[in-house]
Amino acid sequence: MTSLWTSTVSLPEHPPLDGDCRTDIAVIGGGLTGVLTAWLLRREGAGTLLLESDRVGGGQTAGTTAKLTAQHGLRYHRLTEALGRDTAQKYAKSQLEAVEWLRQLVKTEGIACDFRDCAACLYATGDPAPLDAEYNACRDLGMEVYRAGDSELPFPAQVLGLRRQARFHPLKLVEHLARDLDIREGTRVLDVDGGRVLTDHGTVTAQQVVFACHYPFLNVPGFFFARMHQERSYVLALEGATELADCYLGVDPGGLSLRSWGRFLLLGGGSHRTGDNQEGKKYNSLRQAAHQFWPGCREVTTWSAQDCVPMDGMPFIGRYTEHRPEWLVATGFQKWGMTAAVTAARTLAALALGRTPPKGTDIFSPSRFHGAASAGQLAEDAACSILGLSRRVLEPGRVDAEALSPGHGGVAELWGKKVGAYRDEGGTLHTVPLKCPHMGCQLEWNPDEKSWDCPCHGSRFDCRGRLLDGPAQTDLR
């Protein structure tokens, strides 16, 4: 399962950290946020070292559909109602500025990343009322949106569009920005103590530390594990389908994401809370839709992505906590990582350099708490954590490990013990402990990706127990 971006770009390799060292600013995480932050800091002459546990661009940036847009689903109607017009206005302004800022950067730096202007469109095949409410909210905020009763989609739909947005190749952008950076790949950060960043290859001592690693892996301070959850979604890259001029996202239940890159069409969907996909068949649902709309199309590759979802619907960008002024963080981008990465990089770089961040980005402060707007999601997340913990202790195995057929896995009984079991296509049985090393919740089997996923906080492991996604920092023991 390799993304189209990964299969069409070869990024240069960087060595791991070799012993202890010092730097002005340590950036943890080599996705677009970390790379762009490090690039901005280096441009201003700050000594910056970027630490990446695997490969630069190999995490969530490789899994994005790379829609650069300020249109974030049915966002502005909900934000206006929950947090007020002023907050919604600041949010919209920051995201529109992010689109334009990256457009200008690509132009002035001559970055060949297949940057294409387009409209970003929400569509509904059912009740158009949510589109109407979002249209009115966007217009009230000064956004240049439009409504249409037809589109280039292969099915009838009502559309809400926002012009002058864009799409691009995310790893081509990362490759260009990373060329002159000081990067250490294959270096996993295990802990941070003040300005000391402890890794599996040595210790980095820095004046400031930037957490740009998708999900902050330290539980205290910050308590981000209690303020957001993670969700997964799936993508097919197709040949022989319609080439779309614009980008689309369905707002109906089960709505699809569509965008083109050259002769390829990216068809996405199947979103679910990480750890809640026991039935699987997410890729199959996308395949059925593909062949319904474009008979004869060919599947080129498939992949999935993971998104951090904060309770109040806005990312956390800024000081990690008031008690750790030397720590900066960016997380909780939901499905809008491209504009959020730009906003985060500009904000974090300014803070690290002692400058004033872009106006209006105070709404993303990690120190905020919107009780009323977050209450429902807080209760749901707490219930999931309680269920995950209680299942590990109280619930027996669901299947007999010895009876698993090739290609299948699940929470199983083996020799009187509960384990995670998977039998590969060759017939070999692989077992893992079901306790997530992050906070102890019971892992669940994801048949679509043959992985063990944590429903509490989103950590993921392959069928042999090797870490795929944090906040956990170790393999299953």
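The model is predicted: local features need pLDDT of at least 70, side-chain atom pairs count only at pLDDT 80 or more, and totals for chains, interfaces and linings use all residues. Residues are numbered from 1 along each chain as its sequence is written, and side-chain values use heavy atoms, without hydrogens or water.

Leu131, Glu134, Ala137 and Cys138 of α6 are buried (under 20% relative accessible area; exposed is over 50%, partly exposed in between; 1.4 Å probe, protein chains only). Down the axis of α6, the buried residues fall within an arc of 125°, so they line one face of the helix. The arc is taken from the directions from the helix axis to the C-beta atoms. These buried residues pack against α4 (75-83), β4 (116-124), β5 (145-148) and β6 (158-167). Just after α6, Gly142 has a positive phi of about 85°.

Strand β13 (residues 257-261) has 5 of its 5 residues buried. Ser257, Arg259 and Trp261 lie on one side, Leu258 and Ser260 on the other. β12 (residues 247-250) runs antiparallel to β13, joined by 2 bridges; strands pair if DSSP finds at least two bridges between them. Leu249 is the bridge partner of Ser257. In the turn of this hairpin, Gly254 has a positive phi of about 80°. β14 (residues 264-273) is also antiparallel to β13, with 5 bridges. Trp261 stands opposite Phe264.

Terms used
Helices (H or I, at least four residues) and strands (E, at least two) are DSSP runs, numbered from the N terminus. Contact means heavy atoms within 4.5 Å.
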